[in-house]
Amino acid sequence: MTMMKHLLGAAGALALTAGAAAAEPALIYDLGGKFDKSFNEAAFNGAERWAKETGGTYKEIEMQNEAQREQALRRLAEAGSNPIVTTGFGMSDPIATVSKDFPDTKFVTIDGWVDPAEHPNVLTIGFAEHEGSYLVGMMAALASKTGTVSFVGGMDIPLIRNFACGFAQGAVAVNPDIKFISNMTGTTPAAWNDPVKGSELAKAQKSQGSDVIFAAAGGTGLGVLQAAADEGILSIGVDSNQNHLHPGSVLTSMLKRVDVAVYNSMMQGAELDTTTQALNLASDGVGYAMDENNAELVTAEMQATVDAAAEQIKSGALVVHDYRTDDTCPAATF
Amino acid sequence: MDYATLLQVLDTTLRLATPLLLACLAGLYSERAGIFDIGLEGKMLAAAMSAGAVAALTGSAWAGLLAGIGASMLFALLHGIAAITFRGNQLISGVALNFLASGLTVLIAQALFQQGGRTPPLSGPARFNAITLPGAEALRDVPVVGPLYYEVISGHSILVYMAFLIVPLTWWILFRTRFGLRLRAVGENPAAVDTAGISVVGLRFAAVGITGILCGIAGAYMATALQAGFGREMTAGRGYIALAALIFAKWRPVAAMWACLLFGFFQALALRPDVVQAVVQVRVPVPLLDALPYMLTVLVLAGFVGKAIPPRAGGQPYVKER
């Protein structure tokens, strides 16, 4: 029996050291899917960049439904993955549950919120979506000929309202009389994957006069961009650079550097610093995309105006209201 | 709400009602023959993926449509084998096929195109584009009727018109042909049909096959007309709303059309909360509008709006000599 214990203990120690030596990071994608050409794909790009530069490998899992979240976290943690990077606000609660059982494993929640005081091994990375949205809102108002701009959100959550609110503030800053329309696709995670409804919302907004539509809706947003291209109006992509999807129709994309967040987390590996990060304009965590696909749509004056505002935001001279701080928006009602 | 806004909402209604209508009629054939089918969703999804993939590969929307119908019929055949030949539980077979479609479509699309389970964006002849009906431009300036014809009736893809033509066709087949009589009989009293020397199994397979064709058109419409390609889970529960519409319409084709138009209208209204607010003077939460079709169906099932009696032999596998 003692012999057995020793053997087991040795095997266990071996397994532990083996796990620590090969501690490869893991990445969990949210329900929108790995190749959503947006949020999750940005995370994938960041992980790929890390893998290329370090020659390391990482594990990845795509969530198919809510019930898998905790199970996936536990499985990866038990397999010795460290750190475990997750995208989407939906991972917060499962991480809060699981992280206590694996105190030596680092967890990262991008877009979520886990209290660092209670969970010292969890890193919360948030983005100042309102700042990036503010810039594309300005650009939308500058490009609009009808004086109406609009927003299509995915699931109706404070995070998405923050996009809408920043966008509206930027539009109003350029044109105080601008008309702003906002629609949310739904109230369940299915709202991230309903391009048909996205298209119809875009068409409905066009019939109300909108000629620039900002979509922050995951896979649903692809339907919005498609409808805008079909109808001959402008659209604005989100998270990843989506300008190439419909060249000449996508005015710009509001960038959220999820790739940078993932890359940095994986770079630090098991030694990850879990001080809560808020990536904003000043730290290049958010921004807008310019490339050859939208070069003809954005004039030099437009870019100059937007860049001037960006400088003001960076220096703190201009403060964009964050919807999540008090659940209100000075420029729009929901 | 002014007239122009009403026309816009009706225009959206037609577009959104079409997949519901096709799926609803599909379910109607199957259920009238005594085979419950909650796999409409899965069949539409399989068809949408095949249509999107083949249209992208061949550049022809019609080839996509045929592929969509083929894929949907394959699923219908599986359902038929499980539910008719092996007398399995029809609901379980339907649910299983829904799951199968959900996973398989993404897997195949990913293997084919490596675009994360989507098919490549379609353009030009690879899509069913909107067609302008004859005289729409000329009649446009005629008051009231002109805009209605131009904005609402004209300017849809050909599949929309096909869907609405299938309604009278279905009525005629069900109530004016020998095949229709037998189909209805096999859903009410298969033993009587069998006694008359007609194959119950054959009739039920025919009905399930027609279900496959119609779901195929519905899926192809979503991937190649409404959208420009397939996306994961793009049917987003429309197969279930179609089932609700079928119950709401009490398994009758013309009523099914009105039910689908009504549900399509609710969906269109949910896109325009501003219009709803202007009409009722109260801010109505969008989720409430989204839930209306289901609430209406529950009301019907509870017996508040007439009585919904399903085909009597529905859900029961037929066994000779019972």
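This is a short chat about chain B of a predicted model and where it touches chain A.

Me: Before we start, how are things numbered and lettered here?
Reply: Residues count from 1 along each chain as its sequence is written, and chains are lettered from A in the order in which they are written. The model is predicted, and local features need pLDDT of at least 70.

Me: OK, how many residues of chain B are in contact with chain A?
Reply: 21 residues of chain B contact 24 residues of chain A, where contact is C-beta atoms, placed from the backbone, within 7 Å.

Me: Which elements give two or more residues to that side of chain B?
Reply: Those are α1 (3-32), α10 (200-226) and α14 (286-301) of chain B; helices are DSSP runs (H or I, at least four residues), numbered from the N terminus.

Me: Where does α10(B) bend?
Reply: At B:Ala220, by about 25°. That bend is the angle between axes fitted to the seven residues ending there and the seven starting there.

Me: New topic: what do the buried residues of α4(B) pack against?
Reply: They pack against α2 (40-58) and α3 (61-85) of chain B. Among those buried residues are B:Leu97, B:Ala101 and B:Val106.

Me: And what follows α4(B)?
Reply: B:Gln114, with a positive phi near 50°.

Terms used:
Predicted model: local features only at pLDDT ≥ 70, side-chain atom pairs only at ≥ 80, totals over all residues. Contact = placed C-beta atoms within 7 Å. Buried ≥ 20, exposed ≤ 12 C-beta atoms within 10 Å, placed from the backbone.
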